[in-house]
Amino acid sequence: MTMGLELLSRNTSFGGTQSVYRHASSSCACDMVFAVYLPPQAKSRKVPALWYLSGLTCTHENAMTKAGLQEHAAKHGLAVIFPDTSPRGQGVADDEAYDLGQGAGFYVNATRDPWKPHFRMYDYVLTELRQLITDNLPISQQHGITGHSMGGHGAITMALRNPDHFGSLSAFAPIANPTASDWGRKQLSAYLGDDEAAWGEHDSTVLMEEYGWKGDLLIDQGGHDQFLDLLKPEALADAIAKRRQPAVFRMQEEYDHSYFFVNSFAGDHVAWHAERLI
(Lines give C-alpha, C1' and ligand atoms only; values in the text may rest on other atoms or scores of the structure.)
Protein backbone atom coordinates (compact mmCIF):
# COMPACT_ATOMS: atom_id res chain seq x y z
CA MET A 1 0.00 0.00 0.00
CA THR A 2 1.49 3.34 -1.04
CA MET A 3 -0.37 5.91 1.00
CA GLY A 4 -0.47 9.33 -0.63
CA LEU A 5 1.33 8.15 -3.78
CA GLU A 6 -0.35 8.13 -7.19
CA LEU A 7 1.31 5.65 -9.53
CA LEU A 8 1.77 7.23 -12.96
CA SER A 9 3.77 4.49 -14.70
CA ARG A 10 5.62 1.25 -14.02
CA ASN A 11 8.01 -0.67 -16.24
CA THR A 12 10.10 -3.79 -15.72
CA SER A 13 13.83 -3.08 -15.99
CA PHE A 14 16.68 -5.54 -15.37
CA GLY A 15 14.40 -7.70 -13.25
CA GLY A 16 13.28 -4.78 -11.11
CA THR A 17 10.69 -2.04 -11.55
CA GLN A 18 11.01 1.56 -12.71
CA SER A 19 8.06 3.54 -11.37
CA VAL A 20 6.95 7.16 -11.48
CA TYR A 21 4.75 8.64 -8.76
CA ARG A 22 2.93 11.88 -8.02
CA HIS A 23 2.04 13.19 -4.59
CA ALA A 24 0.92 16.34 -2.82
CA SER A 25 3.98 17.95 -1.25
CA SER A 26 3.65 19.92 1.97
CA SER A 27 7.18 21.31 1.59
CA CYS A 28 6.64 22.70 -1.90
CA ALA A 29 2.90 23.36 -1.57
CA CYS A 30 2.15 21.73 -4.92
CA ASP A 31 2.03 18.32 -6.56
CA MET A 32 5.46 16.78 -7.11
CA VAL A 33 6.52 13.94 -9.40
CA PHE A 34 9.45 11.61 -8.73
CA ALA A 35 10.74 8.27 -9.97
CA VAL A 36 12.02 5.19 -8.12
CA TYR A 37 13.90 2.19 -9.44
CA LEU A 38 13.51 -0.88 -7.23
CA PRO A 39 15.99 -3.69 -7.97
CA PRO A 40 14.85 -7.32 -8.06
CA GLN A 41 16.21 -7.81 -4.51
CA ALA A 42 13.45 -5.48 -3.25
CA LYS A 43 10.90 -8.21 -3.90
CA SER A 44 12.13 -10.06 -0.82
CA ARG A 45 13.70 -7.44 1.47
CA LYS A 46 14.27 -3.76 2.06
CA VAL A 47 17.16 -2.35 0.05
CA PRO A 48 19.46 0.67 0.44
CA ALA A 49 18.73 3.75 -1.67
CA LEU A 50 20.89 5.91 -3.90
CA TRP A 51 19.56 9.42 -4.48
CA TYR A 52 20.30 10.94 -7.87
CA LEU A 53 19.81 14.73 -8.04
CA SER A 54 19.56 16.11 -11.57
CA GLY A 55 20.83 19.34 -13.07
CA LEU A 56 19.45 22.52 -14.61
CA THR A 57 16.39 22.13 -16.91
CA CYS A 58 15.94 18.46 -15.95
CA THR A 59 12.95 16.67 -14.46
CA HIS A 60 12.82 13.26 -12.78
CA GLU A 61 12.79 11.75 -16.27
CA ASN A 62 16.18 12.79 -17.68
CA ALA A 63 18.41 10.64 -15.50
CA MET A 64 15.79 7.90 -15.33
CA THR A 65 16.01 7.42 -19.09
CA LYS A 66 19.57 8.58 -19.91
CA ALA A 67 21.94 7.87 -17.01
CA GLY A 68 21.87 4.08 -17.31
CA LEU A 69 21.75 3.50 -13.57
CA GLN A 70 19.18 0.69 -13.50
CA GLU A 71 21.42 -2.11 -14.77
CA HIS A 72 24.09 -1.34 -12.20
CA ALA A 73 21.55 -0.85 -9.41
CA ALA A 74 20.00 -4.23 -10.18
CA LYS A 75 23.42 -5.89 -10.01
CA HIS A 76 24.22 -4.41 -6.61
CA GLY A 77 20.74 -4.39 -5.06
CA LEU A 78 20.26 -0.64 -4.71
CA ALA A 79 17.11 1.39 -5.19
CA VAL A 80 17.57 4.68 -7.08
CA ILE A 81 15.49 7.76 -6.28
CA PHE A 82 15.07 10.43 -8.98
CA PRO A 83 13.43 13.59 -7.56
CA ASP A 84 12.40 16.52 -9.71
CA THR A 85 14.63 19.60 -9.72
CA SER A 86 11.98 22.12 -8.62
CA PRO A 87 8.31 22.64 -7.83
CA ARG A 88 6.11 23.03 -10.91
CA GLY A 89 2.59 23.86 -11.96
CA GLN A 90 0.08 26.66 -12.08
CA GLY A 91 0.74 29.26 -9.44
CA VAL A 92 4.40 28.29 -8.99
CA ALA A 93 6.77 31.16 -9.72
CA ASP A 94 8.97 30.91 -12.82
CA ASP A 95 11.42 32.93 -14.86
CA GLU A 96 12.06 33.22 -18.60
CA ALA A 97 15.71 32.23 -18.07
CA TYR A 98 16.50 28.51 -18.09
CA ASP A 99 18.69 28.79 -14.99
CA LEU A 100 16.15 30.27 -12.56
CA GLY A 101 12.74 29.14 -11.43
CA GLN A 102 11.08 25.92 -12.58
CA GLY A 103 13.74 23.36 -13.43
CA ALA A 104 16.35 25.29 -11.44
CA GLY A 105 15.53 24.91 -7.75
CA PHE A 106 19.21 24.62 -6.71
CA TYR A 107 18.16 22.41 -3.77
CA VAL A 108 17.70 25.31 -1.35
CA ASN A 109 14.82 26.62 0.77
CA ALA A 110 13.99 30.00 -0.75
CA THR A 111 13.49 32.87 1.70
CA ARG A 112 12.53 35.59 -0.81
CA ASP A 113 9.39 36.19 -2.83
CA PRO A 114 8.15 35.12 -5.32
CA TRP A 115 10.07 31.88 -4.69
CA LYS A 116 9.47 31.45 -0.96
CA PRO A 117 6.03 29.74 -1.04
CA HIS A 118 7.09 26.78 -3.20
CA PHE A 119 10.85 26.58 -3.69
CA ARG A 120 11.82 24.45 -0.69
CA MET A 121 13.71 21.66 -2.42
CA TYR A 122 16.18 21.26 0.44
CA ASP A 123 13.45 20.23 2.89
CA TYR A 124 11.60 18.31 0.21
CA VAL A 125 14.51 16.02 -0.70
CA LEU A 126 16.14 15.77 2.70
CA THR A 127 13.05 15.17 4.83
CA GLU A 128 9.66 14.90 3.12
CA LEU A 129 10.45 12.65 0.17
CA ARG A 130 12.83 10.50 2.21
CA GLN A 131 10.11 9.85 4.79
CA LEU A 132 7.53 9.17 2.08
CA ILE A 133 9.56 6.52 0.31
CA THR A 134 10.81 4.75 3.43
CA ASP A 135 7.24 4.63 4.78
CA ASN A 136 5.71 3.27 1.57
CA LEU A 137 8.38 1.36 -0.36
CA PRO A 138 10.78 -1.50 0.52
CA ILE A 139 13.68 0.88 1.16
CA SER A 140 15.91 0.74 4.22
CA GLN A 141 17.42 3.61 6.21
CA GLN A 142 20.78 3.20 4.42
CA HIS A 143 21.04 6.03 1.88
CA GLY A 144 23.71 7.42 -0.40
CA ILE A 145 23.54 10.49 -2.60
CA THR A 146 24.94 11.59 -5.96
CA GLY A 147 24.00 14.05 -8.68
CA HIS A 148 25.03 15.86 -11.83
CA SER A 149 25.89 19.56 -12.22
CA MET A 150 23.32 21.48 -10.15
CA GLY A 151 22.41 18.08 -8.71
CA GLY A 152 26.04 17.40 -7.83
CA HIS A 153 25.99 20.69 -5.96
CA GLY A 154 22.86 19.56 -4.14
CA ALA A 155 24.25 16.13 -3.33
CA ILE A 156 27.50 17.40 -1.83
CA THR A 157 25.96 20.26 0.14
CA MET A 158 23.18 18.10 1.59
CA ALA A 159 25.60 15.34 2.58
CA LEU A 160 28.19 17.65 4.15
CA ARG A 161 25.52 19.43 6.16
CA ASN A 162 23.68 16.22 7.12
CA PRO A 163 26.23 13.40 7.49
CA ASP A 164 23.84 11.33 9.59
CA HIS A 165 21.44 11.11 6.64
CA PHE A 166 23.86 9.59 4.14
CA GLY A 167 26.41 6.81 4.23
CA SER A 168 28.03 7.49 0.86
CA LEU A 169 28.65 10.45 -1.44
CA SER A 170 29.65 11.08 -5.05
CA ALA A 171 29.02 13.62 -7.80
CA PHE A 172 29.27 14.12 -11.55
CA ALA A 173 30.58 17.55 -12.65
CA PRO A 174 29.12 19.41 -9.66
CA ILE A 175 28.67 23.17 -9.52
CA ALA A 176 31.48 23.24 -7.00
CA ASN A 177 31.77 26.88 -5.93
CA PRO A 178 28.45 28.63 -6.66
CA THR A 179 29.15 31.65 -4.45
CA ALA A 180 31.94 32.52 -6.90
CA SER A 181 30.17 31.54 -10.14
CA ASP A 182 27.45 32.92 -12.39
CA TRP A 183 25.86 29.50 -11.87
CA GLY A 184 25.15 30.27 -8.25
CA ARG A 185 25.41 33.95 -7.48
CA LYS A 186 22.36 34.72 -9.63
CA GLN A 187 20.25 31.95 -8.13
CA LEU A 188 21.39 32.23 -4.51
CA SER A 189 20.73 35.97 -4.49
CA ALA A 190 17.28 35.44 -6.03
CA TYR A 191 16.28 32.66 -3.65
CA LEU A 192 18.11 33.68 -0.47
CA GLY A 193 18.69 37.44 -0.72
CA ASP A 194 21.81 39.59 -0.76
CA ASP A 195 23.39 38.33 2.48
CA GLU A 196 26.24 36.30 1.05
CA ALA A 197 26.97 34.76 4.44
CA ALA A 198 23.82 32.67 3.98
CA TRP A 199 25.00 31.43 0.59
CA GLY A 200 27.91 29.51 2.07
CA GLU A 201 25.57 26.84 3.44
CA HIS A 202 24.94 25.89 -0.19
CA ASP A 203 28.50 25.93 -1.51
CA SER A 204 30.42 22.64 -1.68
CA THR A 205 33.82 24.33 -1.50
CA VAL A 206 32.91 26.44 1.53
CA LEU A 207 31.37 23.44 3.32
CA MET A 208 34.32 21.21 2.49
CA GLU A 209 36.68 23.75 4.01
CA GLU A 210 34.50 24.08 7.11
CA TYR A 211 33.19 20.58 7.77
CA GLY A 212 34.70 18.04 5.41
CA TRP A 213 33.03 14.67 4.89
CA LYS A 214 32.91 11.80 7.35
CA GLY A 215 34.19 9.28 4.81
CA ASP A 216 35.61 9.34 1.31
CA LEU A 217 33.90 10.73 -1.78
CA LEU A 218 34.08 10.21 -5.53
CA ILE A 219 33.90 13.05 -8.05
CA ASP A 220 34.10 12.71 -11.83
CA GLN A 221 34.56 15.78 -14.02
CA GLY A 222 34.76 15.89 -17.79
CA GLY A 223 38.01 17.39 -19.03
CA HIS A 224 36.27 18.86 -22.08
CA ASP A 225 33.22 20.05 -20.17
CA GLN A 226 31.94 23.18 -21.90
CA PHE A 227 30.94 24.67 -18.53
CA LEU A 228 34.22 24.28 -16.62
CA ASP A 229 34.51 28.00 -15.89
CA LEU A 230 31.05 27.94 -14.29
CA LEU A 231 31.54 24.67 -12.39
CA LYS A 232 34.92 25.62 -10.87
CA PRO A 233 36.11 22.09 -10.02
CA GLU A 234 39.54 23.43 -9.09
CA ALA A 235 38.06 25.28 -6.11
CA LEU A 236 36.61 22.10 -4.62
CA ALA A 237 39.73 20.09 -5.45
CA ASP A 238 41.82 22.69 -3.63
CA ALA A 239 39.52 22.55 -0.58
CA ILE A 240 39.77 18.75 -0.55
CA ALA A 241 43.56 18.94 -0.70
CA LYS A 242 43.81 21.59 2.02
CA ARG A 243 41.63 19.58 4.35
CA ARG A 244 43.41 16.33 3.42
CA GLN A 245 39.97 14.88 2.81
CA PRO A 246 39.93 11.27 1.57
CA ALA A 247 38.56 11.53 -1.95
CA VAL A 248 38.88 10.32 -5.52
CA PHE A 249 38.67 13.31 -7.90
CA ARG A 250 38.98 12.27 -11.53
CA MET A 251 39.31 14.58 -14.54
CA GLN A 252 38.05 12.45 -17.40
CA GLU A 253 39.83 13.44 -20.60
CA GLU A 254 37.65 14.24 -23.66
CA TYR A 255 34.31 13.94 -21.78
CA ASP A 256 31.83 16.83 -21.82
CA HIS A 257 28.88 17.79 -19.58
CA SER A 258 26.28 15.56 -21.22
CA TYR A 259 24.51 12.39 -20.12
CA PHE A 260 26.94 10.48 -22.33
CA PHE A 261 29.52 11.44 -19.68
CA VAL A 262 27.24 10.43 -16.80
CA ASN A 263 26.32 7.14 -18.44
CA SER A 264 29.97 6.30 -19.05
CA PHE A 265 30.82 6.36 -15.34
CA ALA A 266 27.46 5.43 -13.82
CA GLY A 267 28.66 1.91 -13.06
CA ASP A 268 31.64 3.20 -11.08
CA HIS A 269 29.42 5.43 -8.97
CA VAL A 270 26.79 2.78 -8.23
CA ALA A 271 29.53 0.34 -7.22
CA TRP A 272 31.10 3.05 -5.00
CA HIS A 273 27.83 3.51 -3.14
CA ALA A 274 27.09 -0.20 -2.93
CA GLU A 275 30.45 -0.86 -1.26
CA ARG A 276 29.62 1.70 1.45
CA LEU A 277 25.93 0.94 1.96
CA ILE A 278 25.62 -2.84 1.74
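Residues are numbered from 1 along each chain as its sequence is written. Local features in this predicted model need pLDDT of at least 70, side-chain atom pairs count only at pLDDT 80 or more, totals for chains, interfaces and linings use all residues, and side-chain values use heavy atoms, with hydrogens and water left out.

Confidence is highest in strand 4, at 99. It is lowest in helix 6 (residues 196-199), at a mean of 94. Helices (H or I, at least four residues) and strands (E, at least two) are DSSP runs, numbered from the N terminus.

Nine strands form an open sheet with mixed pairing, in the order 1-2-3-5-4-6-7-8-9. Two strands pair if DSSP finds at least two bridges between them. Strand 1 (6-13) and strand 9 (247-252) stand at the edges. Each has a single partner strand, so one side of each is left without a neighbour in the sheet. From one strand to the next, the twist averages 20°. Strand 4 (residues 47-53) pairs with strand 6 (residues 139-147) in the parallel sense, over six bridges. Thr146 in strand 6 is the bridge partner of Tyr52.

Helix 2 (residues 69-76) packs on the sheet and touches strands including strand 2 (16-25), strand 3 (30-38) and strand 5 (79-82). Contact means heavy atoms within 4.5 Å. The direction of helix 2 makes about 145° with that of strand 5. Axes are lines fitted to C-alpha atoms, for helices over the stretch in contact, and angles run from 0 to 180 degrees between N-to-C directions. Helix 4 (residues 150-161) also packs on the sheet, touching strand 4, strand 6, strand 7 (168-172) and strand 8 (217-222). Its direction makes about 130° with that of strand 6.

The axes of helix 2 and helix 10 (residues 259-277) come within 9 Å and cross at roughly 30°. That makes the two helices roughly parallel (angles under 35 degrees). Leu69, His72, Ala73 and His76 in helix 2 meet Ala266, Gly267, Val270, Ala271 and Ala274 in helix 10.

A cis peptide bond joins Asp113 and Pro114, with omega about 5°. Phe106 has a positive phi, near 60°. Most residues other than glycine have a negative phi, and most peptide bonds are trans.

Note on methods:
pLDDT = per-residue confidence, 0-100. Parallel < 35°, antiparallel > 145°, perpendicular 65-115°, else oblique.
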